[in-house]
Amino acid sequence: MGYVRLLDPDGEFVAEVPLAADGAFTFYPTPGQWTLRLLAPGGLRADRTVSAEAGMVTEVELTL
């Protein structure tokens, strides 16, 4: 099991959620640029910058 962190444009921690059994996760950020950080067992990590827009759903695939 792993976690996904939401980081603001300055790289500051905002929130963290655990991954569901199927690897899904959900955040409800305000519009803007964000970084998603996937943290997995064994110290594995992957970052992805995404843009959130008001009223839009953004699907993101993170891979290690």
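Residues are numbered from 1 along each chain as its sequence is written, and side-chain values rest on heavy atoms, with hydrogens and water left out. As the model is predicted, local features need pLDDT of at least 70 and side-chain atom pairs count only at pLDDT 80 or more, whereas totals for chains, interfaces and linings use all residues.

The largest nonpolar core comprises twelve residues, namely V4, L6, V17, L19, F27, W34, L36, L38, A46, V50, A52 and L62. Such a core is a set of buried Ala, Val, Leu, Ile, Met, Phe, Trp, Tyr and Cys residues joined through side-chain atoms within 4.5 Å; buried denotes under 20% relative accessible area, exposed over 50% and partly exposed the range in between (1.4 Å probe, protein chains only). Two or more residues are given to this core by each of β1 (3-7), β3 and β4 (44-52), strands being DSSP runs (E, at least two residues) numbered from the N terminus. The core residue L38 touches Y3, V4, L19, L44, R45, A46, L62 and L64, residues up to four places away in sequence not being counted; contact requires heavy atoms within 4.5 Å.

T35 lies in strand β3 (residues 32-40) and counts as buried because its relative accessibility is 19%. Beyond four places in sequence, T35 touches R5, L6, L7, D47, R48 and T49. P29, by contrast, is placed in the loop between β2 (13-18) and β3 and is partly exposed, with a relative accessible area of 31%. With neighbours within four places set aside, P29 contacts L6, W34 and A52. The C-alpha atoms of P29 and S51 are separated by 9.8 Å, at 22 residues apart along the chain.

One aromatic pair was found, under the rule that rings of Phe, Tyr and Trp (its six-membered ring) pair if their centres lie within 6.5 Å, with planes under 30 degrees apart counted as stacked, over 60 as edge-to-face and the rest as tilted. The rings of F25 and F27 have centres 6.1 Å apart and planes at 65°, so the pair is edge-to-face. F25 is partly exposed at 23% relative accessibility, whereas F27 is buried at 16%.

The largest pocket holds about 530 Å³ of space. Of its 23 lining residues, F25, T26, F27, T58 and E59 are the closest to the centre. A pocket is an open set of points on a 1 Å grid over the protein atoms alone where a 1.4 Å probe fits, with protein on both sides within 12 Å along at least five of seven lines, and lining residues have an atom within 4 Å of a point. β4 supplies the largest share of the lining, three residues.

Note on methods: Helix = DSSP H or I, 4+ residues; strand = E, 2+ residues; numbered from the N terminus. Points joined across faces, edges and corners; volume = space filled by probe spheres on them.
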